[in-house]
Amino acid sequence: MWLTETDLLAAAAYLKMTPSEFEEKYVYRTTQRIRLRKPPGSQCHFLSSQGCSIHPAKPTQCRLFPFWPELVEDRNEWQRTATWCPGIGQGPLIQIGTAVELAHQMRTAYPEQY
Ligand code: SF4
């Protein structure tokens, strides 16, 4: 998962770590991007049997899923994602304008990605 600098600070604070401690343990940074390291045998260090263990401070990309531009703007990709994501199609109906706005937040948060 990609992180913004704000995501990194929020997750570190939530875990009561300094940003540099958090980065050293959980982050892979290149000149262009920052992302969470992926531990062996798991999709994410913070994925527990109860779900996301940093839920209140989870990264923007996680918070906005599945309203990513590549899904919101492509019906086939959306339907493909719905085959494995148990949350799609559940809960209150999200209006298309809201979905487009959330996708725009993704573009704003990760301009180098879009
Ligand atoms: S929602 Fe939480 S557990 Fe899932 S990828 Fe994001 S940080 Fe990791």
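Leu8, Leu9, Ala11 and Ala12 in helix α1 meet Pro19, Phe22 and Glu23 in helix α2. Sorted by class, the residues of this contact are six nonpolar, no polar and one charged. The model is predicted.

Now the geometry of the pair. Helix α1 covers residues 5-14, and helix α2 covers residues 19-26. Their axes come within 9 Å. They cross at roughly 100 degrees. Angles of 65 to 115 degrees count as roughly perpendicular, so α1 and α2 are roughly perpendicular to each other.

Next, the domains. The assignment gives domain 1 as residues 1-57 and domain 2 as residues 65-114. Taken over C-alpha atoms, the centres of domain 1 and domain 2 are separated by 22 Å. Four residues from domain 1 and four residues from domain 2 make up the contact. On the side of domain 1 that touches domain 2, the classes are one nonpolar, two polar and one charged.

Last, a single residue. Threonine 108 sits in helix α6, which spans residues 96-109. Is threonine 108 buried or exposed? Count the other C-beta atoms within 10 Å of its own: there are 11. A residue with 12 or fewer is exposed, so threonine 108 is exposed.

Terms used
Residues numbered from 1 in each chain as written. Predicted model: local features only at pLDDT ≥ 70, side-chain atom pairs only at ≥ 80, totals over all residues. Axes fitted to C-alpha atoms, helices over the stretch in contact; angles between N-to-C directions. Helix = DSSP H or I, 4+ residues; strand = E, 2+ residues; numbered from the N terminus. Parallel < 35°, antiparallel > 145°, perpendicular 65-115°, else oblique. Contact = placed C-beta atoms within 7 Å. Nonpolar A, V, L, I, M, F, W, Y, C, P; charged D, E, K, R; others polar. Domains from an automatic or database assignment. Buried ≥ 20, exposed ≤ 12 C-beta atoms within 10 Å, placed from the backbone.
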